[in-house]
Amino acid sequence: MFLERLSRVNNRIEGAIALSLVAADGIPVESVSNDPDLDLEVLSAELIAQARTIAENHRELSMGEVRQITVSTERGTIMVSSVAPGYYLLLVLGPDGSYGRARFELRRARLAFESDLV
């Protein structure tokens, strides 16, 4: 069920390299990838740990819940989007990918996944 949904979302985002549904412990529940050399398990573990730390800091500062974190590098953009308590979507977007479309599709995906994960 999750794999099919992830594939559809991934296919709608121009320049998407990979998309994962990741649990709060950083372990991918399900993933799709166009790059067999990309280590999504390590990437997920590192970025979800960072997202949890940032979310905790923002709660302490009374800034509200963190919905999305974006990291831009030379090789592309990585987006971590909160889906439901304890779950995230992690998107790896290539340098020529559509950032606006990616944000839009992640928001739509969050609504679709949310009902299955709560």
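**Reading strands, a buried arginine and rings**

In strand β4, Ile 78 is the bridge partner of Val 71. The model is predicted.

Me: How many bridges join β3 to β4, and in which sense do the strands run?

Reply: Strand β3 (residues 68-73) and strand β4 (residues 76-84) run antiparallel and are joined by six bridges. The two strands form a hairpin, with two residues between them.

Me: What does the pairing of β1 and β2 look like?

Reply: Strand β1 covers residues 16-23 and strand β2 residues 28-33; they pair in the antiparallel sense over five bridges. Val 22 stands opposite Pro 28, which belongs to β2. This hairpin has four residues between the strands, and Gly 26 takes a positive phi there, near 90°.

Me: Where does Arg 110 lie, and which residues is Arg 110 in contact with beyond its neighbours within four places in sequence?

Reply: Arg 110 is part of helix α3, residues 99-117. With those neighbours left aside, its contacts are Arg 67, Ser 82, Val 83 and Leu 89.

Me: What is the nearest side chain of opposite charge to Arg 110?

Reply: A salt bridge requires a side-chain nitrogen of Lys or Arg within 4 Å of a carboxyl oxygen of Asp or Glu. Arg 110 is buried and has no salt bridge; the nearest side chain of opposite charge is Glu 114, 5.3 Å away.

Me: Which ring has Arg 5 over its face, and how many aromatic pairs does a search of the whole structure find?

Reply: Arg 5 lies over the face of Phe 113, 5.1 Å from the ring centre. For aromatic pairs, the search of the whole structure finds one.

Definitions and conventions. Residues are numbered from 1 along each chain as its sequence is written. This is a predicted model: local features need pLDDT of at least 70, side-chain atom pairs count only at pLDDT 80 or more; totals for chains, interfaces and linings use all residues. Side-chain values use heavy atoms; hydrogens and water are left out. Buried means under 20% relative accessible area, exposed over 50%, partly exposed in between (1.4 Å probe, protein chains only). Lys and Arg count as positive and Asp and Glu as negative; His and the chain ends are not counted. Contact means heavy atoms within 4.5 Å. Rings of Phe, Tyr and Trp (its six-membered ring) pair if their centres lie within 6.5 Å; planes under 30 degrees apart count as stacked, over 60 as edge-to-face and the rest as tilted. A charge sits over a ring if NZ of Lys or CZ of Arg is within 6 Å of the ring centre and within 35 degrees of the ring normal. Two strands pair if DSSP finds at least two bridges between them.
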